[in-house]
Amino acid sequence: MISLTGITRSYDIGSSRVTALDSIDLQVSRGEFLTVMGPSGSGKSTLLHILGILDTPTAGTYRLEDHDLTTLADRELSRIRNEHFGFVFQSFNLFNEFNALENVMLPLMYAGLRGSERRERARRLLVDVGLEHRLHHYPNMLSGGEQQRVAIARALANDPTLILADEPTGNLPSDKGEEILHIIDRLNRDGVTVVMVTHDTRIGERGSRCVRLRDGRIESDSGSAA
Ligand SMILES: Nc1ncnc2c1ncn2[C@@H]1O[C@H](COP(=O)(O)OP(=O)(O)OP(=O)(O)O)[C@@H](O)[C@H]1O
Ligand SMILES: [Mg+2]
């Protein structure tokens, strides 16, 4: 599904250069549950941003299915991002001026659904993550775990084939984190490919495969894609 070759991301700051990712080669197959671990600053978030086309590599090739993403125009890239990817980050990135239902409806605007269809689909997604009793709550009226579940419902709105999660349980107490992991497990069993960054070794072991980064390089890979 995904093939990264020689992916490098460096930043020039004044006369010094920070190499966040250093010539990464990585293949991810459809249906995999890949966890990415490594020390702080090792390049995990940078890798996730590049996978999600939220950042552009300094060098290297990114192939997704039969597209070479390094050659596509921005409009094409946005389309791929909106149609295929779901993002779940540690800071939930919800809009505070919209309630739970409206936050989940937002990505559906791009999909061209009618207002009533958007509302019904958003409601179903929130029911699926156990929030049927919180549809009209604003983010500041929700607990951290509930906000994270709204963020997951929103990530699922466009029926993504790939979920990119950066420490999705990082800000949560362990029982609430467990609920989020259950939801992600369930999605993966339903066929969604998952790439999840985590600091927690026990969580890292829950995926089907774990890649460890150090200093922007792959230090170990528990199994390589076929
Ligand atoms: N915009 C930027 N400008 C300069 N350097 C950056 C920038 N973004 C990231 N870096 C550097 O790139 C390296 C990798 O950062 P990254 O955020 O990918 O680490 P991480 O593995 O996600 O760490 P953490 O576990 O702390 O979240 C770090 O040394 C960081 O300081
Ligand atoms: Mg990070």
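Leaving aside its neighbours within four places in sequence, with which residues is P57 in contact? In this predicted model, P57 is in contact with I7, T8, R9 and I50, where contact means heavy atoms within 4.5 Å. The residue is found in the loop between α1 (44–51) and β4 (59–64). P57 is buried, at a relative accessible area of 18%; buried denotes under 20% relative accessible area, exposed over 50%, and partly exposed the range in between, with a 1.4 Å probe and protein chains only. From C-alpha to C-alpha, P57 and S29 are 21 Å apart in space and 28 residues apart in sequence.

Residues are numbered from 1 along each chain as its sequence is written, and chains are lettered from A and ligands numbered from 1 in the order in which they are written. Because the model is predicted, local features need pLDDT of at least 70 and side-chain atom pairs count only at pLDDT 80 or more, while totals for chains, interfaces and linings use all residues; side-chain values use heavy atoms, with hydrogens and water left out.

The secondary structure of the protein consists of seven helices and ten strands. Helices (H or I, at least four residues) and strands (E, at least two) are DSSP runs, numbered from the N terminus. The radius of gyration is 18 Å, which agrees with the value near 17 Å that a compact globule of 226 residues would have. This radius is taken over C-alpha atoms, and the globule rule is 2.2 Å times the number of residues to the power 0.38. Along the principal axes, the C-alpha atoms fill a box of roughly 50 × 40 × 40 Å. Of the 226 residues, 48% count as buried. Among contacts between residues at least 6 apart in sequence, 70% join residues at least 24 apart.

Nonpolar side chains in soluble globular proteins tend to be buried together. A nonpolar core is defined here as a set of buried Ala, Val, Leu, Ile, Met, Phe, Trp, Tyr and Cys residues joined through side-chain atoms within 4.5 Å. The largest such core has 35 residues, of which L126, V150, I152 and M196 touch the most other members. Two or more residues of this core come from each of α3 (100–105), α4 (115–128), α5 (144–156), β7 (162–166), α6 (174–189) and β8 (193–197). The largest share, six residues, is given by α5. Not counting residues up to four places away in sequence, I152 touches V88, V129, I180, I183 and I184. A second, separate core of 28 residues includes I7, L164, V197 and V211.

Helix α5 also holds R149, which is buried at a relative accessible area of 11%. Apart from neighbours within four places in sequence, R149 is in contact with V129, G130, L131, E179, I180 and I183.

Helix α1 is largely enclosed by the rest of the structure, because six of its eight residues are buried. These buried residues are K44, T46, L47, L48, I50 and L51. Just after α1, I53 takes a positive phi of about 55 degrees.

Phi is near 55 degrees for D159, a residue in the loop between α5 and β7. At 58% relative accessibility, D159 counts as exposed. Phi of E167 is near 50 degrees, and E167 is found in the loop between β7 and α6. At 10% relative accessibility, E167 counts as buried.
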